[in-house]
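This report describes a single protein chain, from its overall build to a few local features. Please keep the sequence and the model in view while reading.

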Amino acid sequence: MVGTKLIDKLKSEIDHYIGLPYMINIIRDGKIIKERVLGGKGNWKDIQKETQKIAKQEKINLTKLTHQQIYNFQKKHKIGIDCSGLTCQLLIFLGKLTHKKVNLNVRRTPAELLTSSPLSYKIDNFQEIKTGDLVRQKNGHHLLFIIEKNGNKISYVDSSFWGRGVRYGEFDLTDQTFDNQGVYRLFFLD
């Protein structure tokens, strides 16, 4: 069981990502044809630096912009994060909190790999779900990062085109309409 202090620290880290746009490189035949800022994989500090750098070049004072205006500015300049980038960054942070070695190449670890062997295994007993487990969706092309489980309720964070970027969410394990193609745990979190 993960302690409340650890979850609070994790949520504090997640809060830096909330509201960032969803952004992903455009890939065709295994080659990047449109590179996004930081490849859609940067941590929040790097994303913040890139946003500030571009704003400075364009002589835009970010402190005078609303949250929506900053979101639109980042979207316009292809600054954001995809679901696997967010998940990798949070797994690295969780590893530091729990003193576990997390060896992930953020730029080369797609969602499908995070919920596949050799990195993870499927959790069949939902009573065993814990912080850092992943929910596989869209045939492995999307995933949710589980923050905590309370009974049958799962709170998570993800970054998606459909959700318009990074956001918190919640679902009930008994909801048959929720896209849940399995819950996975990374071996290094055991």
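A contact means that heavy atoms lie within 4.5 Å. Of the contacts in the protein with a separation of 6 or more, 63% are made by residues 24 or more positions apart. The model is a predicted one, in which local features need pLDDT of at least 70 and side-chain atom pairs count only at pLDDT 80 or more, while totals for chains, interfaces and linings use all residues. Residues are numbered from 1 along each chain as its sequence is written, and side-chain values use heavy atoms, with hydrogens and water left out.

## Overall build

The protein has five helices and eight strands. Helices (H or I, at least four residues) and strands (E, at least two) are DSSP runs, numbered from the N terminus. In order from the N terminus, the elements run α-β-β-α-α-α-α-β-β-β-β-β-β.

The C-alpha trace spans about 55 × 40 × 35 Å along its principal axes. The radius of gyration is taken over C-alpha atoms, and the globule rule is 2.2 Å times the number of residues to the power 0.38. For 190 residues, a compact globule would have a radius of gyration near 16 Å; the protein has 17 Å, which agrees.

A residue is called buried under 20% relative accessible area, exposed over 50%, and partly exposed in between (1.4 Å probe, protein chains only). By this scale, 46% of the 190 residues count as buried.

## Helix H1

Helix H1 covers residues 4-15. The expected span of a helix is 1.5 Å times one less than its number of residues. For the twelve residues of H1 this gives 16 Å, and the end C-alpha atoms are 16 Å apart, which agrees.

Which residues of H1 are buried? They are Leu6, Ile7, Leu10, Glu13 and Ile14. Seen down the axis of H1, these buried residues fall within an arc of 120 degrees, so they line one face of the helix; the arc is that of the directions from the helix axis to the C-beta atoms. An α-helix has 3.6 residues a turn, so residues three or four places apart point the same way. On the other side of H1, Thr4 and Lys5 are exposed. The cover over the buried residues of H1 includes helix H2 (44-57), H4, E5, E6 and E7.

Methionine 23 lies in the loop between H1 and strand E1 (26-28), and counts as buried at 6% relative accessibility. Leaving out residues up to four places away in sequence, methionine 23 touches Arg36, Gly40, Lys75, Lys78, Ile79, Gly80, Ile81 and Asp82.

Glutamine 137 belongs to strand E4 and is buried, with a relative accessible area of 8%. Among the residues that glutamine 137 touches, not counting those up to four places away in sequence, are His142, Leu144 and Phe178.

## Aromatic rings

How many aromatic pairs does a search of the whole structure find? The search finds five. Rings of Phe, Tyr and Trp (its six-membered ring) pair if their centres lie within 6.5 Å; planes under 30 degrees apart count as stacked, over 60 as edge-to-face and the rest as tilted. Two of these pairs are listed here.

| Pair | Centre to centre | Angle between planes | Kind |
|---|---|---|---|
| Tyrosine 156 and phenylalanine 171 | 6.1 Å | 50 degrees | tilted |
| Phenylalanine 161 and tryptophan 162 | 6.4 Å | 85 degrees | edge-to-face |

Tyrosine 156 in strand E6 (residues 153-160) and phenylalanine 171 in strand E7 (residues 165-172) are 15 residues apart, and the pair links distant parts of the chain. Tyrosine 156 is buried at 5% relative accessibility, and phenylalanine 171 is buried with a relative accessible area of 5%. Ring pairs join Tyr156, Phe171 and Phe178 into a cluster. By contrast, both phenylalanine 161 and tryptophan 162 are exposed.

Lysine 138 lies over the face of tryptophan 162, at 4.6 Å from the ring centre. A charge sits over a ring if NZ of Lys or CZ of Arg is within 6 Å of the ring centre and within 35 degrees of the ring normal.

## Backbone exceptions

Most residues other than glycine have a negative phi, and most peptide bonds are trans. Lysine 138, in the loop between strand E4 (134-137) and strand E5 (142-150), has a positive phi of about 50 degrees although it is not a glycine. Lysine 138 is partly exposed, with a relative accessible area of 36%.

Lysine 78 has a positive phi near 60 degrees. This residue lies in the loop between helix H3 (67-76) and helix H4 (83-98), and lysine 78 is partly exposed at 35% relative accessible area.

The peptide bond from serine 117 to proline 118 is cis, with omega near 15 degrees. Proline 118 is located in the loop between helix H5 (111-114) and strand E3 (120-123).
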